[in-house]
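Thank you all for coming; I would like to walk you through one structure this morning, going slowly for anyone who has not seen it before.

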Amino acid sequence: MTRLRRDYPSVEELFRPENAVGQIKKIHGKQEVQIALYDTFPDQYDMQEPLWVEIDSMAVPLFASRWNERGKAQAIAQIDDFTREAEIELLLGRKIYLPAADETPDNAPENVDELPWKGYRLVDASGRWSGVITACHPHPQNPLVEADGRLIPVAPPLVERVDRRKKELIVHIAEGVLDL
């Protein structure tokens, strides 16, 4: 079953080395493939989103109808539209890619309540601290998130980027805020 979307990334953006998240290694059973997952593979993969491979200099989306991770370094998947052995062999050895997360500051919402950040990892841009967001407090003048029992301001100017794939919110935390 082929799924259609309208917001696919450009080939130039997609096939950057930093966007590689794994490699299709071998046929597993009759209609599945074994995939070696790189450290860059997201903790949670949404099967509604395509994995991408490059075939004949073209970006080809792959949708998995079955996905079974075996630890953090391997997955067994059944890829839609690749059901015969000859078709599956075409995928062997190919790297798989996911589009880079939107890393521009413009993707910060105007109101912290616009995104379901609960469960995201909050990361200080300087690398000093991180915690898991347990609640959002959308105060009009000073939106806050709660992480590890601390209230952290997340007004748009403080948000460096939102990485939806890794479920991370990277913010600039002012000196002293973590001491409160």
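Let me start with a question: in which loop does Asp148 lie? Asp148 lies in the loop between strand S10, residues 144–147, and strand S11, residues 150–153, where helices (H or I, at least four residues) and strands (E, at least two) are DSSP runs, numbered from the N terminus.

Before I go further, a word on the basis of all this. The model is a predicted one, in which local features need pLDDT of at least 70 and side-chain atom pairs count only at pLDDT 80 or more, while totals for chains, interfaces and linings use all residues. Residues are numbered from 1 along each chain as its sequence is written, and side-chain values use heavy atoms, with hydrogens and water left out.

Now the chain as a whole. The secondary structure of the protein chain comes to two helices and 13 strands. Of its 180 residues, 39% count as buried; here buried means under 20% relative accessible area, exposed means over 50%, and partly exposed is in between, with a 1.4 Å probe and protein chains only. If we take the contacts in the chain with a separation of 6 or more, 56% of them are accounted for by residues 24 or more positions apart, a contact meaning heavy atoms within 4.5 Å. The accessible surface of the protein chain is about 10,600 Å², and 49% of that belongs to carbon and sulfur atoms; such areas come from the Shrake-Rupley method with a 1.4 Å probe, and for residues only the protein chains shown count as cover.

Strand S1, residues 20–28, runs antiparallel to S2 and is joined to it by six bridges; two strands are said to pair if DSSP finds at least two bridges between them. Within this pair, Gln23 has Ala36 in S2 as its bridge partner. The two strands form a hairpin with three residues between them, and in the turn Gly29 has a positive phi of about 70°. Why is S2 described as largely enclosed by the rest of the structure? Five of the six residues of S2, residues 32–37, are buried, so this strand is largely enclosed. S2 is also joined by four bridges to strand S6, residues 74–79, again in the antiparallel sense, and there Ile35 stands opposite Ala75.

Strand S3, residues 51–55, is mostly covered, with four of its five residues buried, and it pairs with strand S4, residues 58–62, in the antiparallel sense over five bridges. Leu51 stands opposite Leu62 in S4. Two residues lie between the strands of this hairpin, and Asp56 takes a positive phi near 55°.

That brings us back to S10 and S11, which run antiparallel and are joined by four bridges, with Ile152 in S11 as the bridge partner of Val145. Their hairpin has two residues between the strands, and Asp148 has a positive phi of about 50° although it is not a glycine. Is Asp148 buried or partly exposed? Asp148 counts as partly exposed, because its relative accessibility is 48%.

Two further loops deserve a moment. Asn142 sits in the loop between strand S9, residues 130–137, and S10, and, leaving aside residues up to four places away in sequence, Asn142 touches His137 and Pro153. Lys118 is found in the loop between strand S7, residues 95–97, and strand S8, residues 121–124, and Lys118 counts as exposed because its relative accessibility is 59%. Lys118 and Ile133 are 15 residues apart in sequence, yet 5.1 Å apart in space, C-alpha to C-alpha.

Last, Lys167, whose place is in the loop between strand S12, residues 159–163, and strand S13, residues 168–171. Its phi is near 55°, a positive value in a residue other than glycine. Lys167 is also one of the residues that line the second largest pocket, including Asp39, Phe41, Arg121 and Glu168.

Thank you; I am happy to take questions.

Conventions: On a 1 Å grid over the protein atoms alone, a cavity is a set of points where a 1.4 Å probe fits but cannot get out, and a pocket is an open set with protein on both sides within 12 Å along at least five of seven lines; lining residues have an atom within 4 Å of a point.
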